Amino acid sequence: MFGTLSQIRSREQAAQLGLIQKALVEAQLARLQSQLRPHFLFNALNTVSSIMQSDVPRADRLLTRLGDLLRASLNSTESDTVTLREEIRLLRLYAEIMQERFAARVTLSWQIDDNVLDARVPAMLLQPLLENAFRHGVEQRTGTVHIRIDANRDADRLNLAINNTGSILNSNWRDGVGLANCRERLRVLYGNAASLGIQGDGSGGVTAFIVLPCAPESA
Amino acid sequence: MRAFIVDDEAPARAKLRLWPAKQPDVEIVGEFADGLSAAQGIIASAPDVVFLDVQMPGLGGLEVAAQLEPEDAPLLVFVTAYDAHALAAFDLNAVDYLLKPYDEDRFRRALDRVRERLESPGGPAAAVHAARARVGTSERLLVPAGGALRLIDCSSVHMLEADDNYVHVHTADQRYLVRRTLRDLLQQLGEQRFVRIHKSTAVNIAEIDSLAPLFKGDYELRLRSGKLLRLSRRYAAELFARTGR
């Protein structure tokens with residue numbers, strides 16, 4: 001019933017370990033939540049559960065994309081950086097899943113210069129920006145919304161931008177959780193050398209942009 | 001039962017379509033990809049039950065529910081990826097709520113609940129009132145315009161005038177005839193914005209320009225548009241209390 005002292009001790013240690021693990025999982029989940037909203041996950045799962053009724057290979061592909069995205073999201077930490085190539089790959093996974101949901105309501109174009117693919121960027125940095133383009137653009141419109149993703153450099157600056165033709169910038173808009181998170185990460189990683197902005201694009205859409213310092217191109 | 005399916009995402013609609021096909025007593029008579037056309041469809045063809053997505057562009061599911069005439073409303077089953085909304089739908093007196101993703105068993109249970117409710121009348125009206133309480137006062141109002149329905153901004157409404165079972169909704173340059181009672185409409189639009197000045201008339205408080213006393217406690221009320229109306233003694237005290245005069 002009471003056990004020996006060493007048994008009690010190891011029981012305490014196990015309990016403590018359990019607590020630490022629990023805290024870790026919670027922290028990871030909190031991060032996941034700030035990157036991939038539950039709303040996104042549940043809708044994606046519902047899409048899979050619809051498509052699998054008629055097209056199993058396609059549902060399987062979708063589920064695999066979702067798995068990839070979740071894994072990348074769980075594995076990345078605040079201070080992780082990845083190549084822009086990897087970041088764009090994850091963005092495309094997200095976009096593919098969203099395209100299954102919204103079909104003809106969204107078109108995407110990717111203007112990614114070759115000379116930026118090896119630049120390092122904070123992992124999952126652009127994710128909230130693309131998510132916003134869907135949430136405030138595509139999901140609010142019955143017509144087709146175009147999303148354009150740009151990545152290019154001039155000298156030692158990396159310019160990243162996501163534009164959507166569907167949302168309107170309210171004069172009293174404020175950062176949501178996703179944007180606030182991005183800003184904070186940029187501040188911690190780059191101080192004043194990086195910036196994030198949201199602006200109306202002058203033709204009825206909204207552009208979110210990030211400027212990062214990057215190593216000059218090697219000749 | 002005649003059922004509607006409303007969801008802005010095509011795969012989600014395909015899924016809602018899947019299982020009713022196996023039920024001999026269920027017929028899908030309408031499918032809509034946005035709230036406004038769903039509301040039009042509901043008013044035009046009065047289905048028995050609507051499977052209604054909560055998150056949609058334009059009018060969301062709760063907003064659609066709030067626009068319906070309580071006595072004629074269909075039974076509502078809210079379908080949502082959101083937990084918070086699902087709980088709201090429960091308070092809403094919805095027949096049921098389906099959380100995405102859901103399986104066939106869960107869908108059948110929802111259908112069973114719909115069947116039960118169809119046999120016991122009085123459900124839908126409660127759901128509409130609850131939706132209104134939940135959404136708060138509507139910022140937009142669905143009105144017939146020509147052969148279709150149009151959403152107008154409630155702040156653009158100057159005056160509401162009861163006429164039997166109908167209400168004339170006046171804006172600066174238009175007049176719409178809505179088959180609703182004044183009391184029901186005022187409940188939906190919120191009593192903060194509109195005030196009754198007569199048994200059969202209510203005005204937008206923001207549109208009141210001036211008041212001049214008449215005899216026996218009545219007043220002449222002038223709207224900013226220049227229109228003159230009579231404020232009856234019975235409603236004067238409330239109007240003064242509300243406008244701080």
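**Reading the model step by step**

Tutor: Let's start with one pair of residues: Met159(B) stands opposite Val203(B) in β12(B). Strands pair if DSSP finds at least two bridges between them. Here, strand β8 (residues 157-163) of chain B and strand β12 (residues 201-204) of chain B are joined by 3 bridges in the antiparallel sense.

Student: Which sheet do β8 and β12 of chain B belong to?

Tutor: They sit in an open sheet of 5 strands with the order β10-β9-β8-β12-β11 (chain B), and the pairing is antiparallel. At its edges are β10 (175-178) and β11 (194-198) of chain B, each pairing on one side only. Neighbouring strands of this sheet are turned by 20 degrees against each other on average, direction ignored. For such angles, axes are lines fitted to C-alpha atoms (for helices over the stretch in contact), and angles run from 0 to 180 degrees between N-to-C directions.

Student: How many helices and strands does chain B have?

Tutor: Chain B has 8 helices and 15 strands. Of its 245 residues, 51% count as buried, where buried means under 20% relative accessible area, exposed over 50%, and partly exposed in between (1.4 Å probe, protein chains only).

Student: Why is strand β4 of chain B called largely enclosed?

Tutor: Think about faces before the case itself. In a regular strand the side chains alternate between the two faces of the sheet. In β4 (residues 75-80) of chain B, 6 of the 6 residues are buried, so the strand is largely enclosed by the rest of the structure. Leu75(B), Val77(B) and Val79(B) are buried on one side, and Leu76(B), Phe78(B) and Thr80(B) are buried on the other. β4(B) also pairs with strand β3 (residues 49-53) of chain B, in the parallel sense, over 5 bridges. One place to look is Leu52(B), whose bridge partner in β4(B) is Phe78(B).

Student: Now chain A. How confident is the predictor there?

Tutor: pLDDT is the predictor's confidence in each residue, from 0 to 100. Chain A averages 86, and 90% of the residues score at least 70. Where pLDDT is low, the predicted coordinates should not be read in detail.

Student: What order do the strands of chain A's open sheet take?

Tutor: The order of the 5 strands is β2-β4-β5-β7-β6 (chain A), with mixed pairing. β2 (106-112) and β6 (195-200) of chain A are the edge strands, each pairing on one side only. From one strand to the next, the twist averages 10 degrees. β6(A) and strand β7 (residues 206-213) of chain A run antiparallel, joined by 6 bridges. Within that pair, Ser195(A) stands opposite Val211(A) in β7(A).

Student: Which helices lie across those strands?

Tutor: Helix α4 (residues 84-102) of chain A lies across β2, β4 (145-154) and β5 (157-164) of chain A, at about 170 degrees to β2(A). Helix α6 (residues 177-190) of chain A lies across β6 and β7 of chain A, at about 145 degrees to β6(A).

Student: Is Arg105(A) buried or exposed?

Tutor: Arg105(A) counts as buried, at 10% relative accessibility. You'll find Arg105(A) in the loop between α4 and β2 of chain A. For its partners, a polar contact is a pair of N or O atoms within 3.5 Å; within protein, one must be able to donate a hydrogen and the other to accept it, and residues adjacent in sequence count only if both atoms are side-chain atoms. The side chain of Arg105(A) reaches the backbone oxygen of Asp8(B) at 2.7 Å, and a polar atom of that side chain lies 3.2 Å from the backbone oxygen of Val138(A).

Technical notes
Residues are numbered from 1 along each chain as its sequence is written. Chains are lettered from A and ligands numbered from 1 in the order in which they are written. This is a predicted model: local features need pLDDT of at least 70, side-chain atom pairs count only at pLDDT 80 or more; totals for chains, interfaces and linings use all residues. Side-chain values use heavy atoms; hydrogens and water are left out. Helices (H or I, at least four residues) and strands (E, at least two) are DSSP runs, numbered from the N terminus. Contact means heavy atoms within 4.5 Å.
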